[in-house]
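Hi,

Here is the structure I promised to pass on.

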Amino acid sequence: LSGYTAHDSEMIVQLFEGARFYRILRSWYRHDSQWRPLLLTYIHDSDLDGVTVFQNVEETLQKALRTNAGSVPDDLVKILSQSIPLFIETNIPRTARLFDKFAPRLHQEVINRLGSEGDETRFCYLHCLLGIPGLNEEVPRQGGPSTSVDLSLQRLYIELLCRHSPEKVLD
């Protein structure tokens, strides 16, 4: 395949997508700097573990940042938005950090999607952004609290903190 030049590459891409040949597609998309379809291959590939997905999604977004004058293209932010449930289900702390780094405007949407029934998850998400970093965190946060979290979410975090561990608030 590496030496073959397809005449109807769109049809071949569709065939490879249907066959779930994600590794081949990723190679093509990366080579052609096609960030949207590359990002989708990581999200749709159920054979990848969560850590691998997060690492490669971050790498793809970082490359897109560099080729798009320092901002994540809107179509990639839309994919992140549509994939909120997948990211949250996979790893809440990594989701919080990924979104804070590449799409902080989605913080409110994440919290809204979790709803009030997801208080524990909302607390975990916001704690990853605003709380004091713990020594046993899977992926330690660099620096202090996020500066990308708006005031309403900061207030929600304090409210949830009081509900979940009032003794920490008093300390």
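Beyond its neighbours within four places in sequence, Arg 26 is in contact (heavy atoms within 4.5 Å) with Leu 38, Thr 41, Tyr 42, Asp 45 and Leu 48. Arg 26 belongs to helix H2, residues 22-31 (helices are DSSP runs of H or I, at least four residues, numbered from the N terminus). With a relative accessibility of 6%, Arg 26 counts as buried (under 20% relative accessible area; exposed is over 50% and partly exposed in between, with a 1.4 Å probe and protein chains only).

Bear in mind that this is a predicted model: local features need pLDDT of at least 70, side-chain atom pairs count only at pLDDT 80 or more, and totals for chains, interfaces and linings use all residues. Numbering runs from 1 along each chain as its sequence is written, and side-chain values use heavy atoms, leaving out hydrogens and water.

Now for a helix pair. H4 (residues 50-67) and H7 (residues 92-102) pack at about 0°, axes 11 Å apart (axes are lines fitted to C-alpha atoms over the stretch in contact, and angles run from 0 to 180 degrees between N-to-C directions). So H4 is roughly parallel to H7, the label for angles under 35 degrees. H4 contributes Val 51, Phe 54, Val 57, Glu 58, Leu 61, Gln 62 and Leu 65, while H7 brings Arg 94, Thr 95, Leu 98, Lys 101 and Phe 102.

Val 51 itself is partly exposed, because its relative accessibility is 34%. Val 51 sits 43 residues from Arg 94 in sequence, yet their C-alpha atoms are 8.8 Å apart.

Cheers

Conventions:
Helices (H or I, at least four residues) and strands (E, at least two) are DSSP runs, numbered from the N terminus. Angles under 35 degrees count as roughly parallel, over 145 as roughly antiparallel, 65 to 115 as roughly perpendicular and the rest as oblique.
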